[in-house]
Amino acid sequence: MSNSTAAVGRRAFLARLGLLGAAVGVGGLLPRSALAPPAAAAQNDVLPGLVDLLRPVLAELARDTLNGLSVFALPGPDPYSAAQGTPSDTPGAMEAGTTDFLIDALDNFVPFPDQLAKPIGAALATGLADTGIELPGTELLPAELGTLDKALRALLESDATLPLSFPIAGMLNLLATQVNPLAVNGAFLSPFARLSYAEKARAFQLLEGPDSDLVALLDVRFPEPLKNSVSGLLKFVGGALIEFASFGSYTEYAVFDARNKQLTARPVGWELTGYQPDGPVEGWDEFIGYYQGRTEVRD
Amino acid sequence: MRDVIIIGAGGGGPVVAKELAAQGLDVLVLEAGPRHAKPREQWTSFENDANNPLSGYFRLGPTDRSEPAWFREWSQNSFVWQLSGVGGTTQHFYGNYPRAYPGVFNDYDKADRNEYDVNHRFPFSYAEMVPYFEWVEATAPVMTAAMGTKEAVFFRGCETLGLPVQTTKTTLAPSYRPQENAILQPGGNAGRTSDRNLLNYPDATGCTFCGYCFQGCMRPVGAPRNQFAKRSTDNSYVPMALTADVWAPAGRPVDLLTDAYVTRIHTERRAGALTATGVTWRDNASGEERREDAKVVVMAGGCTENPRLWFNSGLPNPNDWVGRGYTDHFFDWVIGSFDEYTGNPKGVGSSARLDFPPYGGLENVGLPPALNAFSTTLSDSGIRGQYGNGRGPTGPWDGPAGRVMGPELKELVAGGLDRLLSVLVITDDDVEPDNRVVTSALPADENGPIPKVTFQHRARTARTTRNREFMARKAAELLRGAGAKKVFRIDWAPLILHVQSSMRMGESERDSVLDSGAEARAVRGLFIADNSALANSLGGPNPTLTTQALATRTAEKIFERYFGGDPWVRGGSPVVSTDPRISARLGELGL
Ligand SMILES: Cc1cc2nc3c(=O)[nH]c(=O)nc-3n(C[C@H](O)[C@H](O)[C@H](O)COP(=O)(O)OP(=O)(O)OC[C@H]3O[C@@H](n4cnc5c(N)ncnc54)[C@H](O)[C@@H]3O)c2cc1C
Ligand code: SF4
């Protein structure tokens, strides 16, 4: 691969991850000046600062992506649900705090071994350049790519724990741009959040399918027997993201006061389902007797 | 040097502990997880606080909830639902205690005898098991379930299927009935009021119909621990084991250590035979390792953890069956939507069932909102109306099977959870060598290499697949018969919570780990006393009663083989776990 094809590949890849847009696109989160290609001699000094600037960008990108996932699980009266084409009058995942629920779980509680999270993150950062998908509009993205790319690599290679929400978001965004290359540009930070409901479903279809391209591509980065594990894990992740986002959307997560073990308001999921109209109970007047009057049986 | 060390205080371990404590042996129980000794302070009844598998109080992890849960690998879209802590996975179970079908034992000779998993029968007769069933049924105790609306709706559906009502403990033919369950029947105000002021013990006794079984039973308020309605082992067998001195004439209370993760079983050669000598465990909080020796070691860490501990201890595996033959009842989920009140999710999680030997069975299940959402989105068939993931079977349900999620789920629940009724499809599934636990290639955790659970769920045997399809259709017919306006089949991805037979006992030494006394064929003095010891999937009945009956029998085998004692079940009469002497002693112990 020539240097210039590699550069286009990297650019397309960072765009597909959502990172290029999030960092420096319209409404991007990084000042352009931060990415101005520094003089070669100064490069090593600039990079650490940039890595620090990049962290919140990644976090915002992850949040935006997971907003797109949350409303996929439970749409409501918010812009993400509207963008997905399923607006709703009643509260949904954004009101239920599902994105925070997911980020909290992914970044603080998934006992995912770092030894695994890091190579996956690295694979996302370096391994998927040449997927051969045409991305319209990539040429509109700015040229400060090289610095951004280096900063991303430096971040992924550092010893700091990688918040799992980032590789998860990156994966969803890659899938999103595979389903709809136009999603690389538009409202929101995240390509995934730009998809319609049917396109999001299609992204999950790719992830869950028996021979997902993404799974195959990611496997490249791992030696056996880990390779097999990673592909299995991604299938699990495909299902788990949907199940966990759905579970979280209907829980008390957003209104639970952990210290007092009490609710501060009625959970969205309870409101939507009519669960426990008067709050938690000690019992119900629901006992209607014994079937056919039989209170015990024996042989 | 102990007489017996028991690894795991879940569904099976405490049974052996209690039985041998009653015989006066010196028993140490090591439990990897927490002890919820003060549930009113430690629990709520909220789904995320309780059931979040990463951070909930019911999870597989150490006591300290700021520490991560223990990671397990499964290489397919599936979920293995196991809990750590005193009570193990029974902490959030539903207490259904049906007996295994007679057709899975080796003396069965009825006309349909060849339609069961005939290659993996129990290595003894149903008749031999009956006294142990009866012993556990009297101890737990097991009762006929009280009925709420969700049971009445389920029975209305059953009545349209042309099946008889079962009025015996033993299931003789396809039939339906209230569950026989390990739940104390409602007494006093229980089940008759929602006024919390009237629901304190002893004004209310037994099940108050609160509907929080999945979040842990701590009701009625103010009852002694051994009088809580649901007989998870933290409420039944563990209190008995801890107080054996007050209810058994020669009893000696067990020692129970929690946050004690057993990482190794020690062996040595004695008189030419490899023999278990003791265990090493690690304290979750301090990281400190400790070792104790014992005459007998009993594994009861569950179907996933036992094979792991076996491998990590370097124990022999001559026929390569350690971890193999894992059965899971290959569940499915069918949900009906009604125009009328169904009583979901009030009362015990499930109080009605339909048995259909030799295919499997059905149960009604009530679930609160988030677990309901989890249940309708766990599918191997993609998303309804979007993609089928290569499956999406059609049948007497509406449209193709698949996830009901997003806008469709929101619409489904908008009529109210109490307009829904769910049916759990339970498959009589075959023991298959490739459904198994191995050591994961992923990094080890602090307790050693972790287990990986593999289910070839798209390549189950023809009999297993046939049984699941048959029972899923029955579930849909039942719901239609009950009056459901819409019926959805989810086609669950493997939800592995009825776990069985991964360290199975069997007739043949070629495909079993344990002999007919539940002692390891390869290691003397090492017994297994939880679900993993079961020979097969029981034909579909929920496993815990059969595990506990078998564990009772195993306790006798241990006492006979290693302590020169006599069996007690046939000639004895059991003490019920609600006995007031136990309550009084628990009070003295501050439990
Ligand atoms: C939602 C749900 C509902 C259910 N409902 C029913 C029902 O109604 N009826 C029924 O019969 N069954 C039901 N089950 C299944 C039931 O929970 C199991 O059959 C039962 O708990 C299995 O008992 P066990 O001893 O094999 O394993 P567990 O109960 O899982 O116990 C194993 C214990 O060992 C501990 N342990 C593991 N490894 C180690 C180690 N190395 N060192 C120390 N300790 C260790 C674990 O922490 C755990 O406490 C249900 C399960 C679920 C998930
Ligand atoms: S419904 Fe009954 S058995 Fe279940 S938690 Fe409530 S009181 Fe206990």
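In the predicted model, ligand 2 is surrounded by 13 residues (a heavy atom within 4 Å), the closest being Cys207(B), Cys210(B), Gly211(B), Cys213(B) and Cys217(B). This shell comprises 8 nonpolar, 3 polar and 2 charged residues, where Ala, Val, Leu, Ile, Met, Phe, Trp, Tyr, Cys and Pro count as nonpolar, Asp, Glu, Lys and Arg as charged, and the others, Gly among them, as polar. Local features require pLDDT of at least 70 and side-chain atom pairs pLDDT 80 or more, whereas totals for chains, interfaces and linings use all residues. Residues are numbered from 1 along each chain, chains are lettered from A and ligands numbered from 1 in the order written, and side-chain values use heavy atoms, without hydrogens and water.

Between the two chains, 91 residues of chain B are in contact (heavy atoms within 4.5 Å) with 75 residues of chain A. The buried area, i.e. the accessible area (1.4 Å probe) lost on putting the two parts together, summed over both, is about 6,900 Å², with carbon and sulfur atoms giving 62%. The interface contains 6 salt bridges (a side-chain nitrogen of Lys or Arg within 4 Å of a carboxyl oxygen of Asp or Glu). Arg403(B) forms a salt bridge with Glu208(A), with the closest N and O atoms 2.9 Å apart. On the side of chain B that touches chain A, 44 residues are nonpolar, 29 polar and 18 charged.

Within chain B, Asp355(B) lies in strand 15 (residues 352-356; a DSSP run of E, at least two residues).

Conventions:
Helices (H or I, at least four residues) and strands (E, at least two) are DSSP runs, numbered from the N terminus.
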